[in-house]
Amino acid sequence: MMKPERPVGITGYGVYIPRFRIAAREIARIWDGTSGTPVDSKSVPGPDEDTITMSIEAARNALARAHITPDRLSAVWVGSESHPYSVKPSGTLVAEALGATPWVSTADWEFACKAGSEALTAAMGMVGSGMAEYVLAIGADTAQGRPGDALEYTAAAGAAALIVGPAMDAVAVIEGTTSYVTDTPDFFRRADTAYPVHGHRFTGEPAYFGTVRSAAEKLLRDLGAKPSDFTYAVFHQPNTRFPQTVARQLGFTPQQIAPGLLSPKIGNAYSAAALLGLCAILDVAQPGDTIFVTTYGSGAGSDAYALRVTDALPERRERAPLTAAYLARETFVDYAVYVKWRGKLVME
Amino acid sequence: MRRVYIIGTGATPVGEHWDRSPASLAIEALTGALGSIPASRIGALYVASALSGTLHTQSQMAALIATAAGIPGVEAVTIEAGGASGGVALRQACLAVAAGAVDLAMVVGVEKVTDVLDARREAALALATDVDWEAVHGVTLTALWALLMRRYMHEYGYSADDFAPFPINAHANGVANPRAMYRFAITAEKVRNAPMVAEPLGLLDCSTAADGAAAVLIASEGLAHELCATPVRIAGSATATDTLALHSRPDPLWFQAAAHSAASALRMARLTHSDVQVFDVTDPHGIAAALALESSGFAKRGTAVALAREGAITPKGRLPLATGGGCKARGDVVGANGVYQIVELVAQLRGQAGVVQVNGARVALAQCMGGIGVTVATHILTLE
Amino acid sequence: MDLAKHWRLRHARYRLEGQRNRFTGEVRFPPAPPLPGEREDIWEPYILKGRGRVYSFSVVRQPPEGFEDQPPYLVALVRLDEGPMVTAQLTDCDLDQVAIDMPVEMVTRRLRDLGPTGLIVYGYKFRPIVS
């Protein structure tokens, strides 16, 4: 288990989910999905949205909750597999929009669906070492699946922003983390291609399940804890079934994962997926509650975290829109609009 | 300062002149304005063009036209002030003649907009907005007028239908203008049922940008009476500006530049509002005409649309407007509109306007506008 | 390439940064250089809160070049709570949802995409308030 010498925690958090949805049955209408759909619906970014714009809004919400001026951020880190530019950081633009520039470290992180949690783990080290007072770690994606591919039902959009700061200022203290990584080619996208390739059932065992279990079991072991010690748990959610299954395998109950399970309604928000679930739990958690988080990124790796909610949370969460507010404003689009907005029409 | 007169006018039909260059259009207009006077007598040439640089991608249009007119070497200058270019060019010619610098000045307004497709034309027109703070958001001039129309409706309790008398009047008058682009009448029902361009503006309350050129020959008093039997005096001439961006103004429904230039021009002419018998203003939409009339002091705020509804803007009304068809029916020649206005109003003052003739018209007001009330030029023409 | 043109406006565009008068507290947007003869330090940078109300609105259906993929889109004049008025698009807003005086809040979005060899231009838009 990794843990900085100086205790750290989350001092502010914020989410963003686009207002648009496409129903899985609408995708199935086009592609003959007679074998059932992995989610009910997924979020769709509007035509003027991308990883940068979603990161900015989630981060503004996190700053409002942390109640710090943006110049106190020592780093602004954006984890995503859908940065709008191949070369030109998302982080500089996000930091500029927040007012955190110019005395700030920025970087873009990439590790499939756990790019955001990579940034979170690094933020723990940066703050825990005393190098920084506050670090902003963002997971955001506007994921794409090849038309007709199973991934198209789930590849979604969203952003979650976490500000890591001293534990004494936190809404939730991070008690420790593990990171488990192997070279596992379950899912990848080559440079200059639009859509990823995945290994079908290979993405389950050994990739997702094996990796998530490894990270989670190690953290439980190192903490001397068992699943029932936690009030809530959240796992990376590429669909509805995977997080439910891995939770059961590990010994967590459906009740523990319910508040953080957003994938049935918004699909897989990739780098934001597990972190959005964490934020949704923070929206309802009470002081003293404990939260078990495990992210997953193809390639493959998993980061697990244990958090304890402090007395500061109830007042601070009211300072920005709750996840439920973003989930509530759902406007469904049909497949044609979705195809137009997501650049799947050949225009020239 | 010397008195200044218009002694000749000329204009091409307004429309889609696919086979003609800007110079060809300009020379036709210029030739008409010269009449029997040799071009070599022109002391200075003022060319108004809002879009030649962006659409025709030609700067120094004035030198091009001077050359085409066979007078290379003449003092020639291009004036760009968006839709006010024509009026501002006329103002420069007036100053030159009034000051005694030249005795004979030619003003040519020319616009060639059909060489590019719609989206590029919209973008070029939107350059008359503040590009950093308005056009960058995809706002068009039409959309800005629509914003004003909606607010006006909100403030004064009008419906979109109430604005229909403006395009209806313009089209009714355009029938009589052989140079008008649209020579047919329209009905309130057609206006109401037209597709939307930018709500609440429908297609039949939106002018069409088109090609054309118009010219007026300006002379000093002595020369005017020597060369012309019925010179028309430019008794008042004034231009004024406002903030480039609409949002920067304390009251977007008030055109300070229109108010200033109209008041200055009337003062210079030693005339009052009630002396003006016929008008032409930049009227791509009913709201534009309404705000121009109100800001210039010819209608109380919020009443111009009611006046139009009561028939005041027809040739028989109290505020005869767009007797040549206005931007809507004549066609919107952008930087040349201000010169077409003069051509049409000179015909009114000379009693040559036919069925749209305003009885006994001896005082006319021409006002043209660049952008949304940004640059406004007002001229008072009188028959002595 | 229009690189510097967009770069120098980034603070105003991305975060609605205007200016506040150090002496009177007056807030203005967009920021402007000091008037001739005006002291340089009278106006200080000031980030507006981004809340306001729709003064008027319209729908662009005949777009200018560079916006061909966007219509129909809502444009509006927004009166900000601090006083200034701004022109901007409304986003996340249905065409029949907007009304004069509707409260709105600022979001940073893509204004336009200058193509594969150009920048993505980001800036403020407004939307109905998410509570």
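In strand 3 of chain C, C:Ile47 is the bridge partner of C:Glu17. This pairing belongs to a set of 5 bridges that join strand 1 of chain C to strand 3 of chain C, the latter covering residues 43–47. The two strands run antiparallel. Like everything that follows, this pairing is read from a predicted model.

Strand 1 of chain C also pairs with strand 2 of chain C, which spans residues 27–28. Here 2 bridges are found, and the strands again run antiparallel. Within this pairing, C:Arg20 stands opposite C:Val27 of strand 2. Strand 1 and strand 2 of chain C form a hairpin, with 5 residues lying between them. In the turn of this hairpin, C:Gly25 adopts a positive phi of about 80°.

For the complex, the predictor gives an ipTM of 0.97 together with a pTM of 0.96.

Chain C meets both of the other chains discussed here, and the interface with chain B may be taken to begin with. Which numbers of residues take part? Chain B contributes 30 residues to the contact and chain C contributes 35 residues. Between chain B and chain C, about 3,000 Å² is buried, with carbon and sulfur atoms giving 62% of that area. The interface of chain B and chain C holds 2 salt bridges. B:Asp132 forms a salt bridge with C:Lys5, where the closest N and O atoms are 3.0 Å apart.

Turning to chain A, the contact with chain C takes 25 residues from chain A and 23 residues from chain C. The area buried between chain A and chain C is about 1,900 Å², of which 48% comes from carbon and sulfur atoms. A:Arg19, A:Asp48 and A:Glu96 supply 29% of the area that chain A buries against chain C, more than any other three residues. Salt bridges between chain A and chain C number 9. A:Asp50 forms a salt bridge with C:Arg110, and the closest N and O atoms of this pair lie 2.6 Å apart.

In domain 1 of chain A, 59 residues are in contact with 54 residues of domain 2. The two domains of chain A bury about 4,400 Å² between them, 61% of it on carbon and sulfur atoms. Of the area that domain 1 of chain A buries against domain 2, 15% is supplied by A:Cys113, A:Val171 and A:Arg317, more than by any other three residues. Across this domain interface of chain A, 2 salt bridges are found. A:Asp303 and A:Lys114 form a salt bridge, their closest N and O atoms being 3.0 Å apart.

Terms used. Residues numbered from 1 in each chain as written. Chains lettered and ligands numbered in written order. Predicted model: local features only at pLDDT ≥ 70, side-chain atom pairs only at ≥ 80, totals over all residues. Heavy atoms only, no water. Pairing = 2+ DSSP bridges. Helix = DSSP H or I, 4+ residues; strand = E, 2+ residues; numbered from the N terminus. Contact = heavy atoms within 4.5 Å. Buried area = accessible area lost by both parts, 1.4 Å probe. Salt bridge = Lys/Arg side-chain N within 4 Å of Asp/Glu carboxyl O.
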